[in-house]
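Have the structure open beside you as you read.

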Amino acid sequence: GDFKAGTFTIKPKDTTADDVTTQVKVNDHSIVYGDPTPTFDLAYGDRLTAATGLTNADFNFTDVDGNPITGIPENVGSYKVSLNASGQAKVQAANGNYTLVADDFTAGKFTITAKSTTPNDATTEVTADSQTITFGDTPADFTATFGDKLNKVTLTNADFVFTQGTTTENGVPTDAGSYEISLTGDAQTRIKAANPNYKFSDTDFKTGTFLINPKTTTDGDVK
């Protein structure tokens, strides 16, 4: 007939810079190394509707140097958490009244702190290996046994201290006796640096024993 329908169009409104009512921020999360991965989520401005169907796959992670991390970080550190393109599209779909731009999405922080070791947990201990020789023999290079959860560090004889009672030996002992073997402070520092996921205690560094037995004399040996 003579009466034609028209169209009433409401266009999405452009957001205003720094208007927190139309911004989305990734919430900060903090865990201790080894704890379950959190479910990452968002805080929405008052004018926005929360998106549905978001998963951890909708977030990207970068380290303190800006390098992208594949997947969700697992090691100790502080990471920037950003909503990726997939996640932003889900938020935009839930908020058709606004045209959201990149600046409307604010990153959060994901922090993983070091885990304190458990006393007498062999998996996070370092033990100086014991050794026994006879006086006059040359000992093998001194070594240490690392717990299964630890990254190993290359050690030399200079990384060990030998004590007998309250006396600290100068280098590797050569006289018959029983000596306690322990790691130097420098060696312990290097081990800690190689294993930042753990917070070590002094008891995580176990001592060993270096035993030099007296040599049995030989009949007719006049030396």
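Two residues are in contact here when heavy atoms of theirs lie within 4.5 Å. This is a predicted model, so keep that in mind as you read.

**A residue in a loop**

Where does T21 lie? T21 is in the loop between strand 1 (13–14) and strand 2 (24–26). Is T21 buried or exposed? Its relative accessibility is 18%, and buried means under 20%, so T21 counts as buried. The side chain of T21 also makes a polar contact with the side chain of D19, at 2.6 Å.

Now look for an open sheet formed by 5 strands, in the order 3-10-7-5-6 and with mixed pairing. Strand 3 (29–32) and strand 6 (68–69) stand at the edges; each has a single partner strand, so one side of each is left without a neighbour in the sheet. Strand 7 (residues 77–83) pairs with strand 10 (residues 108–113) in the antiparallel sense, over 5 bridges. Within this pairing, V81 stands opposite G108 in strand 10.

**Aromatic rings**

How many aromatic pairs does the structure hold? There are 12 aromatic pairs. One of them joins F40 and F61 edge-to-face, with 5.1 Å centre to centre and 65° between the planes. F40 lies in the loop between strand 3 and strand 4 (42–44), while F61 is in strand 5 (residues 59–62), so the pair ties together parts that are 21 residues apart in sequence. Both F40 and F61 are buried.

**The whole chain**

Finally, step back and view the chain as a whole. Its secondary structure comes to 2 helices and 20 strands. A compact globule of 223 residues would have a radius of gyration near 17 Å, but this chain has 32 Å. The table gathers some further values for the chain.

| Property of the protein chain | Value |
|---|---|
| Box filled by the C-alpha atoms, along the principal axes | roughly 135 × 30 × 25 Å |
| Buried residues | 31% of the 223 residues |
| Accessible surface | about 14,000 Å², of which 49% belongs to carbon and sulfur atoms |

What about contacts along the sequence? Among contacts between residues at least 6 apart in sequence, 66% join residues at least 24 apart.

Conventions. Residues numbered from 1 in each chain as written. Predicted model: local features only at pLDDT ≥ 70, side-chain atom pairs only at ≥ 80, totals over all residues. Heavy atoms only, no water. Pairing = 2+ DSSP bridges. Helix = DSSP H or I, 4+ residues; strand = E, 2+ residues; numbered from the N terminus. Buried < 20%, exposed > 50% of the residue type's maximum accessible area, 1.4 Å probe, protein only. Polar contact = N/O pair within 3.5 Å; in protein donor to acceptor, adjacent residues only side chain to side chain. Rg over C-alpha atoms; globule rule 2.2 N^0.38 Å. Areas by Shrake-Rupley, 256 points an atom, 1.4 Å probe, with all protein chains shown as cover. Phe/Tyr/Trp six-rings, centres within 6.5 Å; stacked < 30°, edge-to-face > 60°.
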